Amino acid sequence: MSGWAGLAWLLLAAAAGARETPPLQPPGQRPNNASPAESADFGQVYVGTVSRDAERLYAFNYTSKPDQVDAVRVNVRSDSEDLQYPVLFVVRQQKGVLSWQVPLIFRGLYQRSYNYQEVSRTLCPSEPTPESGPSDQTIYVDVASMAPYKVHYALEVTRLKSFGLGTNSAFRFKASPSEPQYFLYKFPPDVDSVIVKVVSMAVYPCSVVSIQDIVCPVYDLDHNVEFNGVYQSMTKQAAITVQKKDFLGEQFFVVFVIKPEDYACGGSVPASIQGKTNHTWNLQRMKTLEVTVVPSIKESVYVHAILFSFLSFFSFYLGSLVVAFVHYLRSRRKSSSGGASPEDGSGAATSSQPITVSTAEGSSYGAIDESSSSGGQPLSPLGHKATCGSDTDSSVEEESDFDTMPEIESDKNVIRTKVFLYLSDLSRKDRRIVSKKYKIYFWNIITIAVFYALPVVQLVITYQTVVNVTGNQDICYYNFLCAHPLGVLSAFNNILSNVGHVLLGFLFLLIVLRRDILHRRCLENKDIYTMEYGIPKHFGLFYAMGIALMMEGVLSACYHVCPNYSNFQFDTSFMYMIAGLCMLKLYQTRHPDINASAYSAYASFAVVICLAVLGVVFGKNSVWFWVLFSIVHVVASLGLSTQIYYMGRFKIDLGIFRRAFMVLYTDCIQQCSRPMYMDRMVLLIVGNLVNWSFAIFGLVYRPKDFASYLLGIFICNLLLYLAFYVIMKLRSSERLLPIPLFCIIATAVVWAAALYFFFQNLSSWEETPAESREINRPCILLGFFDDHDVWHFLSAAALFFSFLVLLTLDDDLDSVRRDRIPVF
């Protein structure tokens, strides 16, 4: 009986509960105690109050036609500043719900808050399919608040007449942080790629331009605009290239968002306005924008640009073949006529005194016979085998036995401190040993290039992947008005323009290889011109220069995959090495025995690259860095000058200061005599003045682009040394043959043109991405290349001609005895 009693009790309880539970409402209906939906019209302002006990519902009806995009914009306003009881607006459509509150709160840097009493949002548009025909649509706008008191509001809903953007048609509008805007663009049938260009007359407020697919909801607020699509920050200018293949519907939204702060665009951060009245804050952040969608280039332009790039530099190959063929014909004609007899070099030494003659100051220190001027041994006859061995002789040691003998070390000091030096004085070592020494430059730079390039390629691929996946185009500092994508690359034109460095670097290697092969043949034939006349031929540095030129093209292309603050050194590292190798080669020409070793040279380049990194990281605002760098720069200039002046015989140790003081005291105080080596002294004084000027300029002005500043120091020193070399060559009654003269003129002209385009700044990673875009410019060559691409083309040609100058500058001395070629 107890079981039946329990069952009866459960049934009675269920019946009582059924009497108390209200019937369920059909979907879409509101509770009985709420006000019914009020039919409303578009374009009319509705004013009312809401509270915890009263909310309002508006219904807006319209008919949507096939192939017509209906965009609706909702504008609301409220005077309430109570963040605890905001007014809530909920908009319901057929396929989505959009809601927000007023005051609308934005968060800035350091959690600053900005409140807006007026909000305007565009609803996600609906586009019926042609098969469905016209359809009736209803938009519900629900206004509510949990405030215990009445809160005033104003509501206006309008249908947008200008929602679609046209091609080549500018459209002007206004936006603010609480009033974002977005518009629709459809690709025409004959357009595969477009550039969305946005301009504004005002720098601030900072804004964001985003390209998003046709998906609801549209992310059009500051805190969510980065969640979808591709976006850029903007001050006065922005440009985004969009391709049709990236959008299945062949259409996209262009979204414009104004940021509550200008910090992201390089502006100052305002003081927090929380707790203050800000009825006009929304007006202060209003920005006028103008958007234009223009067609991008067609595929045929890509083809023309690629052909232009390769054919332009293949013409250098053709020119080299012509010159080589002419040289071959002339050599055959000369050999058939019996050849020319060697010159005695009397003309080459007319500006120098004989070695045994004392100067007016009586400085005959180190004077020796003319018979010993060629290294302590007379010029070898044609059949002499000591200087014509093969470079492939593996039994040769790295260091010459000549230098390990103490008495010869003393003789070296005597020879190198002579007032008038000749090439034979500084080419005393075995040619095979010296050649092997300089070949280390070639093998070391290949090793450096491989170990440097592999992580660089991996890093820039990661950068490009991040840009493509996240859509954040603020990562890379392109010239967005001339950035043509290809595949996964965002700016293919900036990469293609570096092909000249690779092609011309390889051509230079071929030219050097040809000279090397001809030189080896002459040595095998025991040609007296090759063994005892002209500048000693060592090609290791030339090979290193060719590899450096090719790697400059590779690493510059890697840098331009995604140019930014983090990878700037990729573009400049091998430029430092090229400048350094050129100076070493120029010095090696007449000082083959005392040039720097490959290990010390590359170690010095590594220190320079480290300085470049430190300068970019700490050089912007640190005065101490510039003080230390200037001191290091001046001290290094003085130390290098001392080594050059004394031909490497001035030891750098703890006693250097005492010896320097003694030299100054005896030469400048006791007797004010002229320098022993006047030509070298003039060069070093001018060089030190130039370097000290750079140091003072850097200390006073502290330029932002430290990498270019450091590169400028190297280039100026190289040009100064080259000018000194050419002047001294002409002063010594030596000649400039037609080919080196042509190369010098071509180098000067091409470098002048290249530097003009180099200083046309198109972007700057020293600024914010938005500020960098202010200086973006359109393409200037074939509608594909910009100013910086032209700099790539011209700088590759200028470096190539510069290398040819160093390679051919002393060809006129091939028939002059080495003991008649002066050293300077």
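So, helices here are DSSP runs of H or I with at least four residues, strands are E runs of at least two, and both are numbered from the N terminus. By that count, the protein chain has 19 helices and 20 strands.

Quick housekeeping. This is a predicted model, so to speak: local features need pLDDT of at least 70, side-chain atom pairs count only at pLDDT 80 or more, and totals for chains, interfaces and linings use all residues. Residues are numbered from 1 along each chain as its sequence is written, and side-chain values use heavy atoms, with hydrogens and water left out.

Okay, the overall picture. Of the 824 residues in the protein chain, 48% are buried; buried means under 20% relative accessible area, exposed over 50%, and partly exposed in between, with a 1.4 Å probe and protein chains only. For contacts (heavy atoms within 4.5 Å), take those with a separation of 6 or more: 81% of them join residues 24 or more positions apart.

Now, salt bridges, meaning a side-chain nitrogen of Lys or Arg within 4 Å of a carboxyl oxygen of Asp or Glu. The count comes to 18. Which residue does Lys 259 form a salt bridge with? That's Asp 222, with the closest N and O atoms 2.8 Å apart. Lys 259 sits in the loop between β19 (251-258) and α2 (281-284), and Asp 222 in the loop between β16 (207-212) and β17 (230-234), so the pair ties together parts 37 residues apart in sequence. Lys 259 is buried at 13% relative accessibility, and Asp 222 is buried at 13% too.

Then there's Asp 474 with Arg 773, closest N and O atoms 2.4 Å apart. Asp 474 is in the loop between α6 (431-470) and α7 (492-496), while Arg 773 is in helix α18 (residues 769-773), 299 residues apart. Both of those residues are buried.

Arg 817 and Asp 819 also meet, at 2.8 Å from N to O. Here Arg 817 is partly exposed at 24%, whereas Asp 819 is buried at 5%.

Last one: a salt-bridge network links Arg 590, Lys 729, Glu 734, Asp 810 and Asp 812.
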